[in-house]
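Hi everyone, thanks for coming.

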Amino acid sequence: MNLELFDIQGIVGRGYGKHPAAAYLLLEVESRVLARRWLAEQVERVHTCARAPDPEAPCFNIAFTHAGLEALGLDAEALNTFPSELKEGMTEPERSRALGDEGGAADPENSPRNWDWGGTAAGQRPVHLMLMVFAPGDAELETAIAEASLLLGPGGLSLVRRLHTSLLADQEGGVREHFGFRDAISQPGIAGLHRATSGQPLVPAGEFILGYKNAYDLHTECPRVHHSRDPGRLLPPAEFGTHDLGRNGTYLVVRQLGQRVRAFWQFLDAVSRDPNGAANPERRVALAARMVGRWPSGAPLVESPTADDPTRATANSFGFHHSDPQGLRCPLGAHIRRSNPRDSLDPAPGTAASLEVNATHRLLRRGRTYGPPLSSSFDPDEILQADEGVERGIHFICINANITRQFEFVQRSWINNSQFNGLLDETDPLLGTRRLPSGRPTDTFSIPGCPVRQRISGLPTFVVVRGGAYFFLPSISALRYLASLTS
Amino acid sequence: MLPQSTLTIVAPIQPAEGAMVALRDVLAEIGRDPAANPLLPFGDLTGLHYGRFVILDGAVDPGSGRTVASSLAFNCCVDGPADRFLDHLTQKAGSGLWAVFQHCSGAPGPGEQGELLAWLRRHRIPTQTFYVNSLGRAVPQILKEAQLRERIEDFLDREEGNTTAGTSPASVRTAIQQFVRGQNDLGWALRPEPPLPWAWRLRDGLHRIGGLAVGVLLGLLALPFVPLFLVLLRCSEINAPHPRQDPHFRLSQFDRRHLAPDEDFFIQNQFSVLGFIKPGLFRYATLRAILSVADFVVHHFFRNGDLGTVPLLNLHGVDTIHFANWIVVDQGQRVLFLSNYDFNLEDYMNDFINKVAWGLNLIFGHGVNYPRTDWMVRGGARDEQVYKAVLRKYQIRTQVWFCAYPDLSAITIQKNARLRAGLFAELDPAAERDWLALL
């Protein structure tokens, strides 16, 4: 089935790599009438998947929280057709506990009570809408934001927070994250939108875009409106006489993850020292690579187990099971082996059946880093000398059609599962919580080896959640529909 | 080793309005600390794998229109015979039991322990299908082996860079053996776990042979009726109302905020679901027959940590379920399913959908509102979101849940058992490396 590219917001198809300047504006609806007027103007400027972005011009994308849809005046019946996770939000207390943000398992700093935005602290302003702006340069970005704000006019929407971003480009033309590792290498390709690259199978479009068949060959439930609420027929027809608000739209998970870069390298430095106490930079970076599953250049450990190999920086056509069933090359608990286990897991590791199940838990990552790098060369020795100073990290953004089965599953069953894939007492070495809700520590990381494993314990928290929310990323027609609401 | 038994008691809750409220209160009190609450301290009971109280709310049977009254279910799994455990439970926590069951119709008065025991026995009902992850692995064995692993892991952590680095697998294993030998409290680990009693194994073997023989015989007798059965089945499948055709039966229309507060505190979770059987004798009889066969099959063929793996049929099973009970309640109108599983519900449901949908369909396909099956095994749970919606609708709260080892996954328990079994066994070099990889 052909994708209706003209109706799908551009961010689904691309990360705007040629637009290095970007900002995410979190907005609150103050007057729904004025906000809808703004949206009606803005929707014509929203970039779609139908055309390549103009390298000179800014690109806009717009997403709404459930509260935002309500603030805009969407009727209650339609609001109720959104999935529970969107209705309840990322900070619903039981969900927060399950995600590892709150409760016994969580670092208190992760708690939504302490978030900079989207949290539960009294007085925190609600986030209704996120305007994502991508531009070729900083000046163009500011101009684009100023223009969008002009359209906004007074009193319609107000800025809750501007999330700044800065791409961390390396000398090899790749993008790094703050710990110093090349990022955004493995992205699922969408069938019908992307070409298959590097041997990874394409994932059915319905995993990332509503209205198309998903990995179960089914349509994920779409939000819908009663036909009487759409007299202008702006939305396509859906089952039982409803109109489809979801088709060509999808969901965004946004989490601001602060990274403790110096603490990360300090810990590695301490545990990799020689018996005489001397620093051992080679062992230090090798240990970091074991935690990540790739070397700083991006080279995967399953292909380059002993040393970094920049020629394999973007290698992505590997599985884990056949070349490394026990994790002797890439530990079973390494970040990339947890967040995308490929062919490692049941029902039958190393087979198509395993890949099929894996395909039901993929995330399309569209986030960007923020804050200046602690060292522009990403050299751990420099990082260890540097002063942490300002806050830095990543605005983790992922696209998925089913937040529970995709993002939440990865977070709970893989990243934070202390008995993932036969492991014990450890979670994701980069992102994981360091205790079970029952209090049992999960702060170890084991490196399988011969004759026996090595185990590192006392891992501190390296990544802290600073904010977050679940968003609906409507189709272009749904944006027009929302702008046309009259209630 | 000791074979496990399941024990279920179901009693009607007094119709008086106050009874339900008072019952919920007392269960909430126990549920706050199931292991060590003063009323019914589950942690003090020997040989108890898990215990739970579940309120089965009354409802109207959509098929017959009859009303089913509310009742209270107590269910547990124990090492050894259930009768003996019930005696032990009544002796140890008689007043706590009374505090709960006093809200049920016909319960004896306070302090009448003998009568309470007799009353509980009268309300005991059978489990039609009982699944145990690992037959015979008793609570003390599970706890001891977890402790053994922890001690060995700590030993390796301490010794890292000393006796274990750069040496051969054989010498590391010898170092571990020496360490265990030197620990007085680990003396039990020098010997393998004693097998199940020979008399039990003999009986069990005869049961298997006899069951298979009876199965073949009944199968042959039933053969002429297979075409008729298939016609009836297909008619029923096509004619039953299907949730996908109901505009309100969508995942978004059911939330689970009333269930979430009881979940995800441990590696293990509890799951209780209660639903009506599709109307008519055909579905009821088929379900009962399938449950009987399933009970025999899981007991004899899926008793070592894997439910549903059949290599010959290329079926991959599930290794995250500790216990499961299928219990027909309410005079055959409803089925109560109770299980303990690893990780979170989304995981559990996905496992069902991805791996054992066929098995689920065979049994749950006879339930009202289950997504449409084709020929009893196909379809059904593969309708991912409708299936998840059905579970959201029919999953019920587990008011009290105690588990003796809630932070051990089934796979971890299996690995611990292999670690202990291989510790002093004769191993060739390859097996020795595999054994060390368990750590």
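I'll go through the cores, then a surface patch, then the charged pairs, and finish with the cysteines. Keep in mind that this is a predicted model.

Okay, the inside. In soluble globular proteins, nonpolar side chains tend to be buried together. Here, the largest nonpolar core has 89 residues. Which residues have the most contacts inside that core? They are Leu74(A) and Phe264(A). The element that gives the most to this core is helix α13 of chain A, residues 476-483, with six residues.

While we're in chain B, let me show you a buried serine. Ser71(B) sits in strand β5, which covers residues 71-79. Is Ser71(B) buried or exposed? Its relative accessible area is 5%, and buried means under 20%, so Ser71(B) is buried. Its contacts, setting aside neighbours within four places in sequence, include Val10(B), Ile13(B), Val54(B), Leu56(B) and Asp330(B).

Two elements of chain B give two or more residues to the patch: α6 (198-222) and α7. Val226(B) is in helix α7, and at 35% relative accessibility Val226(B) counts as partly exposed.

Next, charges. Side chains of opposite charge can pair when their charged atoms come close. Over all chains, the count comes to 58 salt bridges. I've picked a few.

In chain A, Arg176(A) forms a salt bridge with Asp170(A), with the closest N and O atoms 2.7 Å apart. Both Arg176(A) and Asp170(A) are buried.

Over in chain B, Asp57(B) pairs with Arg24(B), and there the closest N and O atoms are 3.2 Å apart. Asp57(B) lies in the loop between β2 (48-56) and β3 (59-60) and Arg24(B) in helix α1 (residues 17-32), so this pair ties together parts that are 33 residues apart in sequence. Asp57(B) is partly exposed at 39% relative accessibility, and Arg24(B) is partly exposed too, at 34%.

Another one in chain B is Asp262(B) with Arg397(B), at 2.8 Å from N to O. How many residues apart are these two? They are 135 residues apart, with Asp262(B) in the loop between α7 (226-239) and β7 (268-276), and Arg397(B) in the loop between α11 (384-394) and β12 (400-403). Asp262(B) is partly exposed, at 23%, and so is Arg397(B), at 35%.

Some salt bridges share partners, too: Arg453(A), Arg455(A), Arg149(B), Glu153(B), Asp154(B) and Asp157(B) are joined that way into one network.

Last stop, the cysteines. How many disulfides does the structure hold? Zero, over all chains. Cys398(A) is buried, at 0% relative accessibility. Cys104(B) is in no disulfide either, with the nearest cysteine sulfur, in Cys76(B), 16 Å away. Cys104(B) counts as buried as well, at 0%.

Technical notes: Residues are numbered from 1 along each chain as its sequence is written. Chains are lettered from A and ligands numbered from 1 in the order in which they are written. This is a predicted model: local features need pLDDT of at least 70, side-chain atom pairs count only at pLDDT 80 or more; totals for chains, interfaces and linings use all residues. Side-chain values use heavy atoms; hydrogens and water are left out. Helices (H or I, at least four residues) and strands (E, at least two) are DSSP runs, numbered from the N terminus. Buried means under 20% relative accessible area, exposed over 50%, partly exposed in between (1.4 Å probe, protein chains only). Contact means heavy atoms within 4.5 Å. A salt bridge is a side-chain nitrogen of Lys or Arg within 4 Å of a carboxyl oxygen of Asp or Glu. A nonpolar core is a set of buried Ala, Val, Leu, Ile, Met, Phe, Trp, Tyr and Cys residues joined through side-chain atoms within 4.5 Å. A disulfide is a pair of cysteine sulfur atoms within 2.5 Å.
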